Amino acid sequence: MNVGFVGTGNMGRILIESFVESGAIRPSFIYMTNRTITKAEVIKEIYPKTNVMETADEVVKRSDLVFICVKPLDIHPLLKKLDHLLTPNKCIVSITSPISVEQLESLVHCQVARAIPSITNRAFSGVSLLTFGNSCHKESQRTIEELFEQISNPVQIEDDITRVSSDIVSCGPAFFSYLLQRFVDGAVAETNISKDQAVVLASEMIIGMGKLLETELYTLPTLQEKVCVKGGVTGKGIEVLEENVGDMFEKIFQATHKKFDEDLVEVSEQFSKIPNK
């Protein structure tokens, strides 16, 4: 099966690298293009057997499954341009959250799915979020699930929890990287530890914590309970967190949902102009 990628920016590239290195897709079966073609050519330098096409049309012609890895507002004009090539035997997979599978199905005649990956998938870990359109055949659904099983734990979701699920799975690594960096900065500012030392210790701590949670020996609350001895040092630190964190995370979700709603309005304006197929 040939797999196409239209868009080889950050997430498109991560998907290609992850699928190739996990063995999910043979490099010679990958066809890719990008508006700035040099970005696709850089990937080909790493995986010489992959195929770089000059246009999205060429990618679609040669592919059975096509990942659409472009910005939300670029999807509508792109798919309108490609519609004559998107026959019912082909399947597109959008990786953008503001556009629903129903909206995509209103625009094209092929099978439709959505997959929201995470940067953690680059390490063949974490979660990927899948939503299948009514047009997506069972065989295509299984193919997509099997691909993502090689690089993640694929979880099927409904539209009403798309944003919050994406916040946790896809945005979460950026949020917690920021918090971890502030943790390191605080240690360096208040003690004699070097930044390099603090980064190593904090990184190894978070890796170890992830592995510990993976064993399912502890839940998040029981892990905190095991470390936090009553009246001890950890307890004093928790008190500071309880006093200062407040509703910070609620505000994060409010901010991401506000931006998501703004994106939805822009996208919906495009799709509202589409005549019934």
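Phe 5 is buried, with a relative accessible area of 0%; buried means under 20% relative accessible area, exposed over 50% and partly exposed in between, computed with a 1.4 Å probe on protein chains only. The model is predicted, so local features need pLDDT of at least 70 and side-chain atom pairs count only at pLDDT 80 or more, whereas totals for chains, interfaces and linings use all residues. Residues are numbered from 1 along each chain as its sequence is written, and side-chain values use heavy atoms, with hydrogens and water left out.

A search of the whole structure finds six aromatic pairs. Rings of Phe, Tyr and Trp (its six-membered ring) pair if their centres lie within 6.5 Å; planes under 30 degrees apart count as stacked, over 60 as edge-to-face and the rest as tilted. Two of the pairs are listed here.

| Pair | Centre to centre | Angle between planes | Class |
|---|---|---|---|
| Phe 5 and Phe 19 | 6.4 Å | 45 degrees | tilted |
| Phe 19 and Phe 148 | 5.4 Å | 80 degrees | edge-to-face |

Phe 5 lies in strand E1 (residues 3-6) and Phe 19 in helix H1 (residues 10-22), so their pair ties together parts 14 residues apart in sequence. Helices (H or I, at least four residues) and strands (E, at least two) are DSSP runs, numbered from the N terminus. Phe 19 is likewise buried, at 0%.

The pair of Phe 19 with Phe 148, which lies in helix H6 (residues 138-149), links distant parts of the chain, 129 residues apart. Phe 148 counts as buried at 0% relative accessibility. Ring pairs join Phe 5, Phe 19, Phe 67 and Phe 148 into a cluster.
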